[in-house]
Amino acid sequence: MLKKFVVNFKKKSLKERFLLVIGMLFFLLYLVLGLILVFWKTMPINMEPNYRIAFGVLLIVYAYIRFTRFFANQTEEL
């Protein structure tokens, strides 16, 4: 699986590689931001804990949706 991904990555144009890296970067950004909102108790943002946790979970779910869409697009190209 990883070998196919590397071969497919090398076949891509520079623009496609850039978009791939940006897509993975934003997936990680949303995931980390969601985890920070859920687990950081003394956050400097003045938000009620229920809303903070709900927003964090929403970001984690959105990151998961982005990852599944990204993974589905990558397997279609193989």
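Q: Leaving aside its neighbours within four places in sequence, which residues is Arg-52 in contact with?

A: In this predicted model, Arg-52 is in contact with Leu-37, Val-38, Trp-40, Lys-41, Met-43 and Met-47, once neighbours within four places in sequence are left aside. Arg-52 itself belongs to helix α3, which covers residues 49-77.

Q: Is Arg-52 buried or exposed, and how far away is the nearest side chain of opposite charge?

A: Arg-52 is buried and yet has no salt bridge, since the nearest side chain of opposite charge, that of Glu-48, is 10 Å away.

Q: Which backbone oxygens does the side chain of Arg-52 reach, then?

A: The side chain of Arg-52 comes to 2.6 Å from the backbone oxygen of Leu-37, and one of its polar atoms lies 3.3 Å from the backbone oxygen of Trp-40. Both Leu-37 and Trp-40 are also among the residues listed as contacts of Arg-52.

Q: Turning to the aromatic rings, how many aromatic pairs does a search of the whole structure find?

A: The search finds 3 aromatic pairs. In one of them, the rings of Phe-26 and Tyr-30 have centres 6.3 Å apart and planes at 45°, so this pair is described as tilted. Ring pairs also bring in Tyr-62, linking Phe-26, Tyr-30 and Tyr-62 into a cluster.

Q: Where do Phe-26 and Tyr-30 sit in relation to each other along the helix?

A: Both residues are in helix α2 (residues 14-39), and because they are 4 residues apart there, about one helical turn separates them.

Q: What helices and strands does the protein chain have, and how much of the chain is buried?

A: The chain has 3 helices and 0 strands, and its elements run α-α-α from the N terminus on. Of its 78 residues, 19% count as buried. When contacts between residues at least 6 apart in sequence are considered, 57% of them join residues at least 24 apart.

Q: Where in the protein chain is confidence lowest, and where is it highest?

A: Confidence is lowest in helix α1 (residues 2-11), where the mean pLDDT is 74, and highest in α2, where it is 90. Over the whole chain the average pLDDT is 85, with 90% of the residues scoring at least 70.

Methods
Residues are numbered from 1 along each chain as its sequence is written. This is a predicted model: local features need pLDDT of at least 70, side-chain atom pairs count only at pLDDT 80 or more; totals for chains, interfaces and linings use all residues. Side-chain values use heavy atoms; hydrogens and water are left out. Helices (H or I, at least four residues) and strands (E, at least two) are DSSP runs, numbered from the N terminus. Buried means under 20% relative accessible area, exposed over 50%, partly exposed in between (1.4 Å probe, protein chains only). Lys and Arg count as positive and Asp and Glu as negative; His and the chain ends are not counted. A salt bridge is a side-chain nitrogen of Lys or Arg within 4 Å of a carboxyl oxygen of Asp or Glu. A polar contact is a pair of N or O atoms within 3.5 Å; within protein, one must be able to donate a hydrogen and the other to accept it, and residues adjacent in sequence count only if both atoms are side-chain atoms. Contact means heavy atoms within 4.5 Å. Rings of Phe, Tyr and Trp (its six-membered ring) pair if their centres lie within 6.5 Å; planes under 30 degrees apart count as stacked, over 60 as edge-to-face and the rest as tilted. pLDDT is the predictor's confidence in each residue, from 0 to 100.
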